[in-house]
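Visitor: Could you take me through one part of this chain closely, namely the open sheet and how its strands pair?

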Amino acid sequence: MDHHVSTLPNYRRDDVDAHPPLLSPGYRSTVLRAPSQPLVYLPQRLTEVTGPLLGEGRLGPLDHDLTRQHDGEPLGQRIIVHGRVHDGDGRPVPHTLVEIWQANAAGRYRHAVDNWAAPLDPHFDGVGRVRTDERGRYRFVTVQPGAYPWRNHDNAWRPAHIHFSLFGRAFTQRLVTQMYFPGDPLFFQDPVLNSIPDPAARQRLIARYDHATTRPEWALAYEFDIVLRGRESTPFEDGDDDE
């Protein structure tokens, strides 16, 4: 572990206040996967930047609505999650592929290695995708995810969150982040969120409750804008987080 710490300056992100370092000792799995040597730049070749393309044909009609992907309806509080993707100058980023994945209402992922004592929901896979429109807007319908234990430290629980992945023109152009919910009492002990040095940057990962977009007697709503660069950029991960 000390060896990793000694090489930390070699692979910190450029914006060390807004983005977490690749090595955050409080987040134990980064100690295992963070590079111990300076990074080596590998330029992308023509085949990597030209394909595969992410067009409309890769989206299913219900990919954006995680509550209608099965014959039955999933358990949990329905929520609408929407927002804009834009750059540091406020310009929208249209036609970018936005993917999400999350735990179900009981805090369990539909994944082979997730076997903690919470029920699986046969009507919920927890995966969605959509492309932003001309104004950079996206919209998902899903259920509120639950918290879950994850053995990072004593009595460790992850706050409720939704993972976001944004693609550019090809699969090699990818950014990954997480959205949290306002007022979660587990923020204080979550090393993933707290690995971001700047408290203001951490706040940019917390969605805003949007009462105007709620559907009466049907769903709550949250707004989560994603800023790709600039002083107000959304903190991003290294793309390998599965928690």
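Guide: Two strands are said to pair if DSSP finds at least two bridges between them, and strands themselves are DSSP runs (E, at least two residues), just as helices are runs of H or I with at least four residues, all numbered from the N terminus. This is a predicted model, in which local features need pLDDT of at least 70, side-chain atom pairs count only at pLDDT 80 or more, and totals for chains, interfaces and linings use all residues. Residues are numbered from 1 along each chain as its sequence is written, and side-chain values use heavy atoms, with hydrogens and water left out.

The open sheet consists of 4 strands in the order β3-β2-β7-β8, with antiparallel pairing. Its edges are formed by β3 (127-131) and β8 (174-180), each of which pairs on one side only. On average, neighbouring strands of this sheet are turned by 20 degrees against each other, direction ignored, where the axes are lines fitted to C-alpha atoms and angles run from 0 to 180 degrees between N-to-C directions.

Over residues 81-109 the chain is 0% helix and 38% strand, with the end C-alpha atoms 19 Å apart, while the secondary structure of the chain comes to 5 helices and 11 strands.
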